[in-house]
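Dear colleague,

Please find below the structure that I am handing over to you. My findings follow it.

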Amino acid sequence: MSDIEKALAAIDGFQSELRLADFARKYANAEIDLRREKAAYTEAYRDALRALGVTDVKAGTSEHEKVIEATKGEYAAREAARRRLYKAKHKLISEFAKEQSCPIRD
């Protein structure tokens, strides 16, 4: 293998590592986003309960429907963050698997 070929192989390996690092960064950001959205949803849920003057509600009651309506936006944001995390995790795993299946370069 010539020096140029070795240099190109090293660059290719470095680019693969950068791609993997980018997927890892996206996964970490998605985890942070999900934690933030969970906290926002929990706070909105507690606020809705306080507004009703109760500490808990049973499913199917009118109070429960009011809490669901009051937290609809936060719930949707939390679920979207959960889906983004799921996708980021699987993209990271897929990219890592691709790297592991590549032949070792000199």
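The helices named in this message are DSSP runs of at least four residues, numbered from the N terminus. Please note that this is a predicted model.

I begin with the core. A30 is found in helix α1, and with a relative accessibility of 8% this residue counts as buried, because buried means under 20%. A30 belongs to the largest nonpolar core, together with L34, A81, L85 and A88. Helices α1 (3-52) and α3 each give two or more residues to this core, and α3 gives the most, with three. A30 also lies 8.6 Å from Y86, C-alpha to C-alpha, although 56 residues separate the two in sequence.

In one of them, the side chains of R19 and E95 meet at 3.1 Å, N to O. Since R19 lies in helix α1 and E95 in helix α3, this pair ties together parts that are 76 residues apart in sequence. R19 is partly exposed, at 39% relative accessibility, whereas E95 is buried, at 4%.

Other salt bridges lie within a single helix. K26 and D22 meet at 3.3 Å, N to O; both are in helix α1, four residues apart, or about one turn. R82 and E79 meet at 3.9 Å, N to O; both are in helix α3, three residues apart. Salt bridges with shared partners also join R19, E95 and K98 into one network.

Finally, R83, R84, K87 and K91 form a positive surface patch. Of these, R83 is placed in helix α3, which covers residues 72-101.

With kind regards

Note on methods:
Residues numbered from 1 in each chain as written. Predicted model: local features only at pLDDT ≥ 70, side-chain atom pairs only at ≥ 80, totals over all residues. Heavy atoms only, no water. Patch = residues over 30% accessible without salt bridge, like charges linked within 9 Å, V, L, I, M, F, W, Y side chains within 5 Å. Areas by Shrake-Rupley, 256 points an atom, 1.4 Å probe, with all protein chains shown as cover. Salt bridge = Lys/Arg side-chain N within 4 Å of Asp/Glu carboxyl O. Lys, Arg positive; Asp, Glu negative; His and termini not counted. Charge placed at Lys NZ, Arg CZ, Asp CG, Glu CD. Core = buried A, V, L, I, M, F, W, Y, C linked by side-chain atoms within 4.5 Å. Buried < 20%, exposed > 50% of the residue type's maximum accessible area, 1.4 Å probe, protein only.
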